Amino acid sequence: MEIRNRHERIVAAAPERVAALIADFDRVWPTEIAPAPRRQGPRLYDAGVMLWEEFDRPAAARAFRVVRPDGLQAEHWFELELADGGTVLRHTVEGSAAGRYEAIWRERIEPLHDLILEALLDNVASAAAADG
């Protein structure tokens, strides 16, 4: 099953400021919904049922690939685009789910992902506004 999911928000701040905020998950992650991904070594993050590897992706401010579980093959990344009044912050997930992970993605992971991403975007916008 193909996976494609996108969230975006215009943040009233320069791209450099937004990039600094998304680099700091401890500051902007909505921990009231789920724990922030925990660093597990160089460029590896424990994200609950998934293990992410951070990698360099052209035009992405921050990017990860899912390296565990085997049933999920996906990449997700943040992009920044200059816009009137600020910066468009976009998060995209693309990949595939196989076997039992088709239902797990649809029923558990994607709904939680949507809640987390919308709250994360709210937190980035609030932090940018507070920093002036």
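Histidine 113 touches Asn5, His7, His91 and Val93, leaving aside residues up to four places away in sequence; contact means heavy atoms within 4.5 Å. The model is predicted, so local features need pLDDT of at least 70 and side-chain atom pairs pLDDT 80 or more, while totals for chains, interfaces and linings use all residues. Residues are numbered from 1 along each chain as its sequence is written, and side-chain values use heavy atoms, without hydrogens or water.

Histidine 113 belongs to helix H3 (residues 101–131). Helices (H or I, at least four residues) and strands (E, at least two) are DSSP runs, numbered from the N terminus. Histidine 113 counts as buried because its relative accessibility is 12%. Buried means under 20% relative accessible area, exposed over 50%, and partly exposed in between (1.4 Å probe, protein chains only).

An open sheet is formed by 7 strands in the order E1-E7-E6-E5-E4-E3-E2, with antiparallel pairing. Strand E1 (2–11) and strand E2 (38–41) stand at the edges; each has a single partner strand, so one side of each lacks a neighbour in the sheet. Neighbouring strands are turned by 25 degrees against each other on average, direction ignored. Strands pair if DSSP finds at least two bridges between them. E2 and strand E3 (residues 44–47) pair in the antiparallel sense over 3 bridges. Leucine 44 in E3 is the bridge partner of glycine 41.

Helix H1 (residues 15–22) packs on the sheet. H1 touches E1, strand E5 (62–68), strand E6 (72–83) and strand E7 (86–97), and its direction makes about 150 degrees with that of E6. Axes are lines fitted to C-alpha atoms, for helices over the stretch in contact; angles run from 0 to 180 degrees between N-to-C directions. H3 lies across E1, strand E4 (50–54), E6 and E7, at about 10 degrees to E1.

The buried residues of H1 are Val18, Leu21 and Ile22. These residues pack against E1, helix H2 (25–28), E5, E6, E7 and H3.

The largest pocket holds about 510 Å³ of space. A pocket is an open set of points on a 1 Å grid over the protein atoms alone, where a 1.4 Å probe fits, with protein on both sides within 12 Å along at least five of seven lines; lining residues have an atom within 4 Å of a point. Of the 28 lining residues, Ala47, Met50, Trp52, Leu112 and Ile116 are the closest to its centre. H3 gives the most to this lining, with 8 residues.

Conventions. Points joined across faces, edges and corners; volume = space filled by probe spheres on them.
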